[in-house]
Amino acid sequence: DPEKRDQAISSLSGLIAMGNKEAFRVLFKFLGDLPVPGTIEAVHFKKRLLRLLHRPETRDVLTPYLLDELYRTPSNNTTRQWMSDILTFFEHVPVEQISSRLEAMIQEGKFSYRLRKRIEEILER
């Protein structure tokens, strides 16, 4: 039931804001269990969950997940916002934590020209 799900997410996000690590773990697992977004609604839902989970103290946990998510998400009009949010997240992560994986993805030719350029800008800072 979407309404109950949203209420649970709201409750968990409040607990996360108060520093509850178990609430973070539960919501993070929920996000990790979601499939690659195939609709714009799924993209917006994942973006919302990322906003709720992203805190300076959770960055090290979110980084590997988002690297995997970037790799497995196809680049298309539907997923563009999700990929953009992931890259915005990476702008605040130390380059040494993400450079090898992002460089490998670039070498594979996985991304469009525009996406590749944005990743290169992140790596050059």
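The expected span of a helix is taken here as 1.5 Å times one less than its number of residues, where helices are DSSP runs (H or I, at least four residues) numbered from the N terminus. The structure is a predicted model, in which local features need pLDDT of at least 70 and side-chain atom pairs count only at pLDDT 80 or more, while totals for chains, interfaces and linings use all residues. Residues are numbered from 1 along each chain as its sequence is written, and side-chain values use heavy atoms, with hydrogens and water left out.

With that rule, the 13 residues of α2 should span 18 Å, and because its end C-alpha atoms are 18 Å apart, the model agrees with the expectation. Within α2, the residues A23, F24, L27, F28 and L31 are buried, buried meaning under 20% relative accessible area, exposed over 50%, and partly exposed in between (1.4 Å probe, protein chains only). These residues cover an arc of only 125 degrees around the axis, and therefore lie on the same side of α2; the arc is that of the directions from the helix axis to the C-beta atoms. The buried residues of α2 pack against α1, α3 and α4, with contact meaning heavy atoms within 4.5 Å. At the start of α2, a side-chain oxygen of N20 comes to within 3.0 Å of the backbone nitrogen of E22.

In soluble globular proteins, nonpolar side chains tend to be buried together. Here the largest nonpolar core has 36 residues, and those with the most contacts inside it are L53, L62, L66, L70, F90, L102 and I119; such a core is a set of buried Ala, Val, Leu, Ile, Met, Phe, Trp, Tyr and Cys residues joined through side-chain atoms within 4.5 Å. Each of α1 (2-17), α2 (21-33), α3 (40-53), α4 (59-72), α5 (80-90), α6 (95-107) and α7 (113-124) supplies at least two residues of this core, and α5 gives the most, with 6 residues. When neighbours within four places in sequence are left aside, L62 is in contact with F24, F28, L50, L53, H54 and F89.

The loop between α4 and α5 holds T79, which is buried with a relative accessible area of 0%. Its side chain reaches the backbone oxygen of P74 at 2.5 Å, and T79 also touches P37, V43 and T73, not counting residues up to four places away in sequence.

Helix α5 itself contains D85, which counts as partly exposed because its relative accessibility is 22%. Leaving aside neighbours within four places in sequence, D85 is in contact with K47 and L50.

Conventions: A polar contact is a pair of N or O atoms within 3.5 Å; within protein, one must be able to donate a hydrogen and the other to accept it, and residues adjacent in sequence count only if both atoms are side-chain atoms.
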